[in-house]
Amino acid sequence: MSADDPEKSPRLAPHQQLQQWLDSTRHTRTPVALADYDALFDELAAAHAGTDDPRGAMARVDDAARLRALAAARTGRSISLAWPVDTHAGPDNARPALHHMTDLGDVEAPEPSCHKDFLGIDYHGKATTHLDAACHIGYRGRLYGGVEARSAMSASGSSWASVDALADGVLLRGVLLDVPAVRGVDWLEPGTALHPGDVAEAAAAHGVQVQPGDAVLVHTGHARRRRRLGAWDSGAASAGLHVDAVRPLLDAGAVLLGSDGDTDVRPSPVAELHSPVHALSLTATGTPLLDNLDLEALADACAEAGRRTFTLLVAPLVVRGGTGSPVNPLAVL
């Protein structure tokens with residue numbers, strides 16, 4: 001169970017529940033002044049300056065690194081990390097996906113019958129598993145690499161660092177940091193911020209070390225909590241990384257970050273910014289993000305296998321100018 005037993009908690013209105021979660025986790029969200037955040041952003045951007053590669057951090061992944069990633073698989077067991085496409089509105093799904101049939105075998109010639117459907121997804125949100133390309137987030141008018149956002153963006157998409165730069169796919173060694181398992185709870189309450197010490201504690205408990213070229217996936221128990229207690233406005237409150245946890249992961253060599261939330265702790269510890277971790281990762285360093293993963297099956301499988309490393313495969317759609325893509329990431333143990 002979580003630290004607070006939901007079966008014994010009083011029934012509260014949604015806004016009361018939200019305030020209760022925020023009050024209980026406030027001590028973990030150490031406030032960050034905007035000036036201090038900007039200094040961190042500039043330091044990370046300077047460390048990744050001078051690149052003209054639209055792949056961002058993924059440019060550091062060569063064939064040898066991909067072969068090392070393949071070697072992380074031992075049993076061949078494959079696990080999807082994606083949520084099902086959600087066509088129903090909810091507190092965390094303000095723009096549901098559209099899915100309908102366009103041919104029920106009654107449009108084309110009768111034999112063989114043909115069945116077709118349409119799918120439309122406004123995927124940047126809290127309900128769809130997706131990959132964020134580097135161009136997804138701008139800060140102070142600039143995209144990754146210092147490119148002016150206004151000049152790169154148009155109604156056709158982005159001319160710089162768009163998702164089609166990753167058309168060859170993402171093949172990395174994955175590292176799962178299972179924080180609820182380390183703490184002996186089912187999930188972290190919405191609003192819980194993870195600092196460098198929390199990340200280091202999870203890595204040490206699992207006996208893993210982040211290496212250059214790794215993808216780091218942070219399990220907070222978001223999906224388990226949602227299934228058991230129902231959806232909530234995760235844009236207002238969700239567990240995730242504090243801004244001070246980003247640099248240690250990138251310094252260790254991580255080239256992709258992901259979580260079962262959207263990596264950022266919410267509410268933001270930087271009062272002026274809604275998604276500060278997104279800006280540090282995507283804009284300052286060109287490190288793509290995987291948002292809204294379902295990590296429950298992977299967490300269980302890793303616990304059963306006694307290891308938290310695996311081969312991670314992500315194949316985004318090739319959308320020219322796209323700011324990201326819905327994806328079905330696969331973890332192969």
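Tutor: Let us begin with a term. Two strands are said to pair if DSSP finds at least two bridges between them. Please keep in mind that this is a predicted model. The strands concerned, β4 (residues 130-132) and β14, pair in the antiparallel sense over 3 bridges.

Student: What is the order of the strands in the open sheet?

Tutor: Strands of a sheet pair through backbone hydrogen bonds, either parallel or antiparallel. Here 9 strands form an open sheet with mixed pairing, in the order β1-β15-β13-β7-β9-β11-β12-β4-β14. At its edges stand β1 (78-80) and β14 (324-326); each has a single partner strand, so one side of each is left without a neighbour in the sheet. On average, and ignoring direction, neighbouring strands are turned by 25° against each other.

Student: Which pairs of strands run parallel, and over how many bridges?

Tutor: β7 and β9 pair in the parallel sense over 6 bridges, and L176 has L217 in β9 as its bridge partner.

Student: In which sense does β13 pair with β7 and with β15?

Tutor: β7 and β13 run antiparallel and are joined by 6 bridges, with F310 in β13 as the bridge partner of G174. The pairing of β13 with β15 is likewise antiparallel, over 3 bridges, and T311 is bridged to V332 in β15.

Student: How does one read the side chains of a strand, and which way do those of β9 point?

Tutor: In a regular strand the side chains alternate between the two faces of the sheet. In β9, D214, V216 and V218 point one way, A215, L217 and H219 point the other way, and all are buried. With 6 of its 6 residues buried, β9 is therefore largely enclosed by the rest of the structure. β13 is also largely enclosed, because 5 of its 6 residues are buried.

Student: Which helices lie across the sheet strands, and at what angles to β7?

Tutor: Helix α3 (residues 63-71) lies across β7 and β13 and runs at about 50° to β7. Helix α10 lies across β1, β7, β9, β13 and β15 (330-332), at about 75° to β7.

Student: How many residues are in the largest nonpolar core, and which elements supply them?

Tutor: In soluble globular proteins, nonpolar side chains tend to be buried together. The largest nonpolar core in this model has 38 residues, and those with the most contacts inside it are L81, L217, L256, L290, L298 and F310. Two or more residues each come from α4 (149-152), β7 (170-178), β9 (214-219), α10 (296-305) and β13 (309-314). The largest share, 4 residues, comes from α10. Apart from this core lies another, of 37 residues, which includes F41, V175, L257 and L289.

Student: What does L81 touch beyond its neighbours in sequence?

Tutor: Leaving aside residues within four places, L81 is in contact with T129, L217, L293, D294, L295, L298, L312, N328, P329 and A331.

Student: Is helix α9 mostly covered or exposed?

Tutor: Helix α9 (residues 276-285) is mostly covered, with 10 of its 10 residues buried. Those buried residues pack against α2 (34-47), β4, β10 (240-241), α8 (246-251), β11 (256-259) and β12 (289-291). After α9 comes G286, whose phi is positive, near 70°.

Student: Is L194 buried or exposed?

Tutor: A residue is called buried under 20% relative accessible area. L194 has 1% relative accessibility, so it counts as buried. This residue lies in strand β8 (residues 193-194). Its contacts beyond four places in sequence include V179, V218, L241 and A245. The C-alpha atoms of L194 and A245 are separated by 7.0 Å, although the two residues are 51 residues apart along the chain.

Student: Finally, how is the protein as a whole described?

Tutor: Its secondary structure comes to 10 helices and 15 strands. The radius of gyration is 20 Å, close to the 20 Å that the globule rule gives for 333 residues, so the protein is as compact as a globular protein of that length. Of the 333 residues, 50% count as buried. Among contacts with a separation of 6 or more, 79% join residues 24 or more positions apart. The protein exposes about 15200 Å², of which carbon and sulfur atoms supply 53%.

Definitions and conventions. Residues numbered from 1 in each chain as written. Predicted model: local features only at pLDDT ≥ 70, side-chain atom pairs only at ≥ 80, totals over all residues. Heavy atoms only, no water. Core = buried A, V, L, I, M, F, W, Y, C linked by side-chain atoms within 4.5 Å. Buried < 20%, exposed > 50% of the residue type's maximum accessible area, 1.4 Å probe, protein only. Contact = heavy atoms within 4.5 Å. Axes fitted to C-alpha atoms, helices over the stretch in contact; angles between N-to-C directions. Rg over C-alpha atoms; globule rule 2.2 N^0.38 Å. Areas by Shrake-Rupley, 256 points an atom, 1.4 Å probe, with all protein chains shown as cover.
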